[in-house]
Amino acid sequence: MHIVIGLLVAFVLVMLYARKNRATRLCRWRSDHTGDHDALFKYKCAACGAETYTGTKDPPNICLSDQM
């Protein structure tokens, strides 16, 4: 009985961990230096094809696939 309860608790913990970064886990941002403009850096998502610009050299923190 303890094994079943332990497996159930482990399953719930895995489900909670999987939901943690749901908004960005499918995005794979790649920098596209051909589209850079002055201080803006262009990024394109390899998963959904969304394109965006950022003011830093870091990729975006959000997924833009639902806004397309």
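Modeller: Buried means under 20% relative accessible area, exposed over 50%, and partly exposed in between (1.4 Å probe, protein chains only). This is a predicted model, where local features need pLDDT of at least 70, side-chain atom pairs count only at pLDDT 80 or more, and totals for chains, interfaces and linings use all residues. Residues are numbered from 1 along each chain as its sequence is written, and side-chain values use heavy atoms, leaving out hydrogens and water.

Colleague: What share of the 68 residues in the protein is buried?

Modeller: The protein has 68 residues in total. Of these, the buried ones make up 19%.

Colleague: Thanks! Which pattern does the protein follow along the sequence?

Modeller: The secondary structure comes to one helix and three strands. Both are DSSP runs numbered from the N terminus: helices are H or I with at least four residues, strands E with at least two. Helix 1 covers residues 2–19. Read along the sequence, the pattern is α-β-β-β.

Colleague: Is Phe-11 buried or exposed?

Modeller: Phe-11 has its place in helix 1. Because its relative accessible area is 53%, Phe-11 is exposed.

Colleague: Is Thr-54 buried or exposed?

Modeller: Thr-54 lies in strand 3, residues 51–54. Apart from neighbours within four places in sequence, Thr-54 is in contact with Ala-39, Leu-40, Phe-41, Tyr-43 and Pro-60. Because its relative accessibility is 13%, Thr-54 counts as buried.

Colleague: What is the phi of Asp-38 near?

Modeller: Asp-38 sits in the loop between strand 1 (29–31) and strand 2 (41–45), and at 84% relative accessibility Asp-38 counts as exposed. Most residues other than glycine have a negative phi. Asp-38, a residue other than glycine, has a positive phi, near 45°.

Note on methods
Contact means heavy atoms within 4.5 Å.
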